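Here is a short briefing to read beside the sequence and the 3D view. Start with the helices, then move to the core, the surface and the loops.

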Amino acid sequence: MHVDPTLAAFQASYDLVGPLLDADALEQRWDDESVLTEFSVRGLAGHLVRVGWAVLDYSRHEVAGDSPIPAEEYYRTVLAAMGAHEHLEVRVRGEEVAGADVGSLRASYHTARDGLGAFLRDADPNRLVKVFRGLVMRFEDYLQTRIVETLVHLEDLALSLGVTPPDPPRAAYDIAIDHLIRVARLTHGDRAVLTALSRRERDDLDALRIF
């Protein structure tokens with residue numbers, strides 16, 4: 001059966017989480033601070049594992065009769081609503097997914113990965129799902145944001161562990177970079193993004209910075 005390229009790229013990206021969780025450094029640095037401010041290594045690892053669980057949870061029930069937002073609206077909408085309290089909630093959820101020890105986190109990851117493998121084989125990329133903050137999106141569009149999330153945090157976790165970041169497939173890079181450029185264009189406008197790409201000295205808006 002043909003699998004949608006975005007769905008396949010997400011699965012391939014999430015598969016790369018496993019080797020990082022198996023690294024000895026994860027247990028050694030479990031309680032250390034990660035490369036992300038105020039995020040512990042265990043919380044960051046839990047946050048990364050939670051990406052897969054969120055996809056499964058949000059996709060359990062298809063939404064009917066709603067107009068989905070464009071893929072590039074997701075980050076702009078969510079980030080605009082993120083204050084100190086919301087960022088704290090994100091860190092707390094990561095700690096909760098991490099659980100008591102490395103073993104429980106690894107088990108949680110493998111359960112999510114196996115569930116995704118079974119679900120994505122038959123998933124309709126055009127189905128509508130209700131995701132974070134009640135936003136309605138096409139499933140494929142939502143997975144674009146999850147590929148971004150996975151790739152960014154794979155590097156964050158690898159650097160926090162002092163290991164070489166994994167190299168995601170080219171298709172995942174293509175989707176993530178294209179998505180973030182579209183977010184930048186929506187947020188700052190085409191001229192600002194063109195300037196940021198071609199005349200860095202005149203990029204007063206830092207137009208390519210999304211997070």
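Helices here are DSSP runs of H or I with at least four residues, numbered from the N terminus. On that count, V152 sits in helix 8, which spans residues 139-161. The model is predicted.

**Helix 1 and its packing**
- Helix 1 covers residues 5-15, and its buried residues are T6, L7, A9, F10, Q11, S13 and Y14.
- These buried residues pack against helix 2 (17-21), helix 4 (41-58), helix 7 (102-122), helix 8 and helix 9 (170-188).
- D4 caps the N-terminal end of helix 1. A side-chain oxygen of D4 lies 2.9 Å from the backbone nitrogen of T6.

**The nonpolar core**
- In soluble globular proteins, nonpolar side chains tend to be buried together.
- The largest nonpolar core in this model has 55 residues. Within this core, F10, Y14, L21 and L157 touch the most other members.
- Helix 8 gives the largest share of this core, with 10 residues.
- What does F10 touch, leaving aside neighbours within four places in sequence? Its contacts are V51, G52, V55, L116, L120, L143, R146, I147 and T150.

- L116 is found in helix 7. L116 counts as buried because its relative accessible area is 0%, and the cut-off for buried is under 20%.
- Not counting residues up to four places away in sequence, L116 touches F10, Q11, Y14, G52, V55 and L56.
- L116 and L128 are 12 residues apart along the chain, and their C-alpha atoms are separated by 17 Å.
- T150 lies in helix 8. Is T150 buried or exposed? T150 is buried, at 0% relative accessibility.
- Beyond its neighbours within four places in sequence, T150 is in contact with F10, S13, Y14, V17, L48 and V51.

- L79, V152 and F211 make a nonpolar surface patch of about 220 Å².
- V152 has 33% relative accessibility, so it counts as partly exposed.

- Most residues other than glycine have a negative phi.
- E38 has a phi near 70 degrees, a positive value in a residue other than glycine.
- E38 lies in the loop between helix 3 (24-28) and helix 4. With 56% relative accessibility, E38 counts as exposed.
- D206 also has a positive phi, near 50 degrees. D206 lies in the segment after helix 10 (190-198).
- D206 is partly exposed, with a relative accessible area of 41%.

**The segment after helix 10**
- D203 is placed in the segment after helix 10.
- Which backbone nitrogen does the side chain of D203 reach? The side chain of D203 reaches that of D206, at 3.1 Å.
- D203 touches T195 and A196, not counting residues up to four places away in sequence.
- The C-alpha atoms of D203 and V193 are separated by 8.3 Å, and these residues are 10 places apart along the chain.

How values were computed: Residues numbered from 1 in each chain as written. Predicted model: local features only at pLDDT ≥ 70, side-chain atom pairs only at ≥ 80, totals over all residues. Heavy atoms only, no water. Patch = residues over 30% accessible without salt bridge, like charges linked within 9 Å, V, L, I, M, F, W, Y side chains within 5 Å. Areas by Shrake-Rupley, 256 points an atom, 1.4 Å probe, with all protein chains shown as cover. Salt bridge = Lys/Arg side-chain N within 4 Å of Asp/Glu carboxyl O. Helix = DSSP H or I, 4+ residues; strand = E, 2+ residues; numbered from the N terminus. Buried < 20%, exposed > 50% of the residue type's maximum accessible area, 1.4 Å probe, protein only. Contact = heavy atoms within 4.5 Å. Polar contact = N/O pair within 3.5 Å; in protein donor to acceptor, adjacent residues only side chain to side chain. Core = buried A, V, L, I, M, F, W, Y, C linked by side-chain atoms within 4.5 Å.
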